[in-house]
Amino acid sequence: METLKADNVYYWEGKAKRPQEGEFIKLMDKASLLVPDKPIIPFIEGDGIGPEITPAMIHVVNTAVERAYGESRKIIWVEVLAGDKAEEKTGERLPQETLDFLKEAVVGIKGPLGTPVGKGVKSINSALRRAFDFYSAVRPVYWMGQPTPIPDPKRVDVVVFRENTDDVYAGIEFFSGTEEARKVREFLIKEMGAKESGFPEDVGITVKPMSEFKTKRHVRKALRYALETGRKNVAVIGKGNIMKATEGAFINWAFEVAQEPEFKDRVLTDPEAEPGEGQVKLTKVITDQMLMQLVLRPDAWDVIIAQNLNGDYVSDLAASLIGGPGFVPSGNIGEGYALFESTHGTAWDIAGKGIANPLSLTLSGAMMLEYLGWKESAQKIYSAVRKTFEDRVGTPDIASGFRKMGEDAKEVSTIEYAQEIARRID
Ligand code: NAD
């Protein structure tokens, strides 16, 4: 297979390299970053299509940085291992070296990682999330000209902030018929006043924890983002009418954050208020209402603040409006630490064929550039990607999407598509 070579990419050879020409990003007070002109950015290639889409992303990001800043800025890419490649080379799926390197580098990017089924292997994605306390999963969903299932997709431009550490994903579960389930059931009925009718003997139970501290730090991040980027309409969602102690509390805590000195004058909570310059409006929306609104009037919302499970549903629905997860970037963000990643999986069915769509990871690369404050280079990527759609060129999934719309399109490989994007960066 053809490869995209670059002299600023240091692949893993026995260990992660520490190139002389690069410097680590520094984490400063209040989770702000001090970004050198040549930051070392670790990357995890990923499993399945990862080795195809990662070089494509690097090629596009390198070209954009070079066109935006000439020789004065450059990313120094260092490969760290995780997933299948890590297991093959080191015997471990997530080596300590990778965790240490990501910590030192503060910001990184990764391709998709698979979880082998039935081997008792834990998800690396959740291990990374826990290790760095990436408490907000941020997913901007916007249309760039690709084929989509809805008319007028330019109405979709929304950023979903999904809480990443709480909720039913905590994995506290008791299976029907086990001694644990029996004990929990008995406790709930005997000591907590739960009705037996709601807890038959064969019940299985999943616990849904939601904390004030975790909710509030997530909400603050989303509100700061909305204020910094001039997005006006912010929704906090949940089924607070049903789950009062968790999703209801989440919504209440969000409104308490809006009253904090940092936000009081800038976050309006009166449903009739019109946010002015430098202000946003925070509105409570029931989750099922939000799912309907996203389809019927997607332009109503600029930012959606969600719990873990609701955020999962909402971000996938939003993504499908603009063509699916293959077109959506994402960032896992904590107190300064950030790991950007493609939203789709390892796509083993097409791996090795050179036809994977590299956009989700490439746009995650652009999102990472914005996070570093290198906005000019990110903008260059966005406009070049738009041009490829205008010119009807893309990987087979994109080309076939255009053909379904009755339009002709040029079908190219993953690498060729990266080159087509790079060629359009001015
Ligand atoms: P998947 O996204 O890998 O594949 C679903 C379908 O979409 C497949 O037909 C695939 O060919 C297609 N597809 C996905 N990405 C594509 C791309 N870039 N270009 C063209 N077509 C693409 O989802 P899955 O099959 O449910 O998951 C496979 C594995 O990926 C699982 O082990 C899962 O755990 C893992 N996964 C990882 C992440 C992550 O690392 N963030 C996310 C989702 C799934």
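Which strands and helices each supply at least two residues of the lining of the largest pocket? In this predicted model, the contributors are strands E7 (136-142), E8 (157-163) and E15 (329-333), together with helices H6 (212-229), H10 (359-372) and H11 (375-390). Helix H6 gives the most, with seven residues. The pocket holds about 1200 Å³ of space and is lined by 34 residues. Nearest its centre lie Tyr-225, Glu-228, Thr-229, Glu-370 and Tyr-371. By class, the lining of the largest pocket comprises 16 nonpolar, six polar and 12 charged residues.

The second largest pocket contains about 740 Å³ of space. Its lining consists of 32 residues, and Asn-125, Arg-129, Arg-162, Asn-164 and Glu-341 are the closest to its centre. At least two lining residues of the second largest pocket come from each of helices H4 (124-132) and H9 (308-321) and strands E7, E8, E15 and E16 (338-342). This lining divides into seven nonpolar, 14 polar and 11 charged residues.

Strand E5 (residues 76-79) is covered on both faces. Ile-76 and Val-78 are buried on one side, and Trp-77 and Glu-79 are buried on the other. Strand E1 (residues 9-10) runs parallel to E5 and is joined to E5 by two bridges; within this pairing, Tyr-10 stands opposite Val-78. Strand E4 (residues 40-44) is also parallel to E5, with four bridges between them, and Pro-42 stands opposite Val-78.

Note on methods:
Residues are numbered from 1 along each chain as its sequence is written. This is a predicted model: local features need pLDDT of at least 70, side-chain atom pairs count only at pLDDT 80 or more; totals for chains, interfaces and linings use all residues. Side-chain values use heavy atoms; hydrogens and water are left out. Buried means under 20% relative accessible area, exposed over 50%, partly exposed in between (1.4 Å probe, protein chains only). Two strands pair if DSSP finds at least two bridges between them. On a 1 Å grid over the protein atoms alone, a cavity is a set of points where a 1.4 Å probe fits but cannot get out, and a pocket is an open set with protein on both sides within 12 Å along at least five of seven lines; lining residues have an atom within 4 Å of a point. Grid points are joined across faces, edges and corners, and a volume is the space filled by probe spheres set on the points. Ala, Val, Leu, Ile, Met, Phe, Trp, Tyr, Cys and Pro count as nonpolar, Asp, Glu, Lys and Arg as charged, and the others, Gly among them, as polar.
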